[in-house]
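Please open the model in your viewer and keep the selection panel at hand.

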Amino acid sequence: MRVLGLESSCDETACAVVEVAGDATAGAGSPPVVVRADVVASQTAIHARWGGVVPEVAARQHVQNVIPVIAEALAQAGLTLDDLDAVAVTRGPGLIGALLVAVQAGKALAFARGLPIVGVHHLEGHLLAPYLSTADAAGGAPHRPPPLPHLGLLVSGGHSSLVRVHDFGRYEVLGATQDDAAGEAFDKVGKLLGLGYPAGPTIDRLAAQGNPRAVALPRAMLGQRRGLQLSFSGLKTAAAAHLQRHGLPKDEAALADLCASFQAAVVEQLVRKTALALDQTGLKTVVLSGGVAANRGLRAALKTLCEGRQIEFFVAPPRWCTDNAAMIACAGYYRLRRGERADLTLNALASLPL
Ligand code: KG4
Ligand code: ZN
């Protein structure tokens, strides 16, 4: 079964093809979801000068990019449209003008080729990215999919949540951010530091050379009463206040120290809330996903937490943490396997609950 995935919810136009042995009605077993092609056309450079994504610009770029990324994905996989069995598209949440491009392209493709189509929730795509594997999985080691149920920590530019993943398609949000998402905090603090957009990867790189104890920043939401809620706007404000008092870092070392201190505060909140969620649920597996899951400090800290508690830890390679279409094709595959099919009234939705 080969599923072509399309994603255009924000500023990446992406197309991927995944392949799963056996047919889509297979029962309980979970064969590997192998990525045959994975193409991402990023608009980062175009939006960088505005310091954030301009929705209308993003939508127009998607229109230009969508056919080329489909052609490139098919070429990468060595396949033609005749070799596809289904189409999966991100139907929300996201920028409505942007979402519409993949939804319409996917519907056109499905209609023209007589293929089944399913709409995928963008966050479901992120949550299931750790189920992806490559044909030559890391030097021949068999890829083991994360067991179910598990605790998902989903941290992206638009969302930050702790999710109990009961099964494919059965998600229970245990706690979420009350204000900014983790990635949003990285981007906003990075903007104050003049690090460009998106700033997450740059802060990650600089933090590796800095002292995480150099600047005292608050650890938010850790009181009992806050439960599994998350919050990042206080931390962002504290970083802004620090800059107001002390000015921009004088040199590269001071910049690295501030980045390390900020990142440590984000990571500590996420790790402590994950620990609390493990205590409360008794779950034995943690699965990290979303763009911020590419962060090396967070990956290392969660791995340490899990090792200390004999909890299994899973995270996708960084390229499948940030927005891509392989994760959408993967989530689409599991929907198809459950017998789900959309029709041509499938529409994009800017907001959509998980
Ligand atoms: O999942 P994603 O690609 O898009 C959304 O669905 O939001 O996440 C993008 C976010 C951005 O805020 C970006 O700064 C952040 O993920 N990000 C990172 C890293 N790579 C991407 N944050 C921290 N460290 C990273 N290495
Ligand atoms: Zn995303």
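A polar contact is a pair of N or O atoms within 3.5 Å. This is a predicted model, in which local features need pLDDT of at least 70, side-chain atom pairs count only at pLDDT 80 or more, and totals for chains, interfaces and linings use all residues. Residues are numbered from 1 along each chain as its sequence is written.

Select ligand 1 together with Gly291: an oxygen atom of the ligand lies 3.0 Å from a polar backbone atom of Gly291.

Next, display the shell around ligand 1. It holds 19 residues, His126, Gly157, Asp187, Asp204 and Asp323 being the closest (a residue is near if one of its heavy atoms lies within 4 Å). Which helices each supply at least two residues of this shell? They are helix 4 (122-128), helix 6 (182-192) and helix 7 (200-207) (helices are DSSP runs, H or I, of at least four residues, and strands are E runs of at least two, numbered from the N terminus).

An open sheet of mixed pairing has 6 strands in the order 5-4-1-2-3-6 (two strands pair if DSSP finds at least two bridges between them). Strand 5 (117-121) and strand 6 (132-133) are at the edges with a single partner strand each, so one side of each has no neighbour in the sheet.

Finally, select residues 12-19 and 33-42: these are strands 2 and 3, which run antiparallel and are joined by 8 bridges. Within this pair, Cys15 has Val39 of strand 3 as its bridge partner.

Methods. Chains are lettered from A and ligands numbered from 1 in the order in which they are written. Side-chain values use heavy atoms; hydrogens and water are left out. A polar contact is a pair of N or O atoms within 3.5 Å; within protein, one must be able to donate a hydrogen and the other to accept it, and residues adjacent in sequence count only if both atoms are side-chain atoms.
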